[in-house]
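Thanks, everyone. Let me put the model up, and then I'll walk through a few spots in it.

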Amino acid sequence: MEKSKRAFNSFEMAQAQFDRIADMLELDQGTRELLRNPLREYTVAIPVRMDDGTTRVFRGYRVQHNDARGPAKGGIRFHPHETLDTVRALATWMTWKCAVVDIPLGGGKGGVVCDPHNLSAREQEQICRGWVRQIAADVGPLRDVPAPDVMTSAQHMLWMLDEYETINHMNRLAGFITGKPVGMGGSLGRKEATGYGVVFTLREALKMMGIRPEATCASVQGFGNVAQYAIELYTRLGGTVTCVSCWDQKDQASYAYRKREGIDLEELRGMADRFGGIDKEKAQAAGYEVLPGEQWIEQEVDILIPAALENQINAETVQRISKRVRIIAEGANGPTSPEADKVLHERGIFVIPDLLANAGGVTCSYFEQVQCNMNYFWEKEEVLTKLDTKMTSAFKAVSDLARKQNLYMRDAAYVIAVNRVAQACKDRGWV
Ligand code: NAD
């Protein structure tokens, strides 16, 4: 079948991205072969006695793409369309994300093919425990550390931890898994971490470009965890958010909410549900203009923050970006298509790429693991200060390289990440 007619395959995309950077770095054949494929892959069957008495067998995965720099790290998703290739791609991207922020972790990802919407809490608990039983010997605080992801929560993490500890002779091993609730091994600052991380890098970009945050305004796609905390810190720095967009569950459509003098974060939070959807009627009553959702990208602003979905800035939408836009800070994973990247590069828009901009989440998960391993928990201020230090130095490393070698920021981030992992493999004598 022709490639263009085949379904999109994220692992092929991850490999193509890697191949391009490997060419730029002139990596040797052995290193290329090692890094374009996962080191280890596990496929397991999880039998579950369902509430109606029948038994169903769920398919589960864990992929450890590379752990040359430290234990693998990455989420576990529950999704009816999960595939091994998706998990491989996500594990690969985790390797690069951890490397670019220079935390001593590798890349992993896991999943179970299931739809939690149609499963009781007890059935989900059995899936969590079953997944851990199958994989317990190959994961752990020193090998591979899972976390929540699509449709898995802190509760799922606690069930998994409990099973893991039971298998391991009741030893308390909270460093096995991250994303736990505060007070049960979770870290303060985790909920702020990704959004704040985006703005730490944005603040540095503005500084580098000689722009005062107070003189800027931004439009944000999304009003979930990442978007809300990005807005919180950006407005605290003096910036003005004039537009946010989100999904309306009732109307099955997205809307953009605009207030030219600046949105009021707390006011909108008071109108939002836990999925990050804003109540349209209440927003209208509070004086917000309600626009079609896709208009978030057309706003006359200095900064765009995509913080919702992948592939939002693409060959078509990129043409609608206002001439005023100077910076795009990618809160979401994969919000920009390669075709749009070309246009942004030509137009000289400064892009803070996802693997750098949204790495605050995994960095704080790393802090959670460190705190668990020593059973000593830091104050929120300490967590966020350490996060700022990490994000700022990662931004500086990437932007310095981009400037020195005249690279697009995304390429510079990849060059740093791939180089670090390749070097670790070499130093260990693997290649
Ligand atoms: P979330 O579920 O809390 O929020 C998602 C938001 O996107 C919601 O406000 C929703 O209404 C909105 N949305 C959905 N469809 C939309 C549409 N068509 N148009 C406009 N808005 C739409 O998710 P989150 O945790 O904030 O994650 C957002 C993105 O950031 C994802 O790409 C995720 O992979 C990435 N990310 C999240 C973290 C994290 O720590 N949460 C870390 C790294 C990357």
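Start in the loop between β7 (240-248) and β8 (253-258), where you find Gln-252. This is a predicted model, so keep that in mind throughout. Gln-252 is not a glycine, yet its phi is positive, about 50°. Most residues other than glycine have a negative phi. How exposed is Gln-252? Partly exposed, with a relative accessible area of 49%.

There is another case to look at. Asp-102 also has a positive phi, near 60°, and is a residue other than glycine. Find Asp-102 in the loop between α3 (84-100) and β4 (106-112). Its relative accessible area is 37%, so Asp-102 counts as partly exposed.

The largest nonpolar core has 83 residues. Which residues have the most contacts inside it? Trp-96, Val-244, Ile-278 and Ile-352. Helix α14 (residues 409-427) supplies the largest share of this core, twelve residues.

Leaving out residues up to four places away in sequence, Val-244 touches Val-220, Gly-222, Phe-223 and Ile-231, among others. The list also includes Tyr-255, Ala-256 and Tyr-257. Ile-263, Leu-268 and Ile-278 are on it as well.

Next, cysteines. How many disulfides are there? The count comes to zero. Take Cys-243. Its closest cysteine sulfur is in Cys-246, 10 Å away, which is too far for a bond, because a disulfide needs the two sulfurs within 2.5 Å. Cys-243 has 0% relative accessibility, so it counts as buried. Then Cys-372. For its sulfur, the closest cysteine sulfur is 11 Å off, in Cys-364, again too far for a bond. Cys-372 counts as buried too, at 9% relative accessibility.

Cys-372 takes us to the last topic, the second largest pocket. That pocket holds about 250 Å³ of space. Its lining has 15 residues, and the closest to the centre are Arg-172, Leu-173, Ala-174, Cys-372 and Asn-375. Which elements give two or more residues to that lining? They are α5 (154-167) and α12 (360-374). α5 gives the most, with three residues. By class, the lining has eight nonpolar, five polar and two charged residues.

Technical notes. Residues numbered from 1 in each chain as written. Predicted model: local features only at pLDDT ≥ 70, side-chain atom pairs only at ≥ 80, totals over all residues. Heavy atoms only, no water. Core = buried A, V, L, I, M, F, W, Y, C linked by side-chain atoms within 4.5 Å. Buried < 20%, exposed > 50% of the residue type's maximum accessible area, 1.4 Å probe, protein only. Helix = DSSP H or I, 4+ residues; strand = E, 2+ residues; numbered from the N terminus. Contact = heavy atoms within 4.5 Å. 1 Å grid on protein atoms, 1.4 Å probe; cavity = no way out; pocket = protein on both sides within 12 Å on 5 of 7 lines; lining within 4 Å. Points joined across faces, edges and corners; volume = space filled by probe spheres on them. Nonpolar A, V, L, I, M, F, W, Y, C, P; charged D, E, K, R; others polar.
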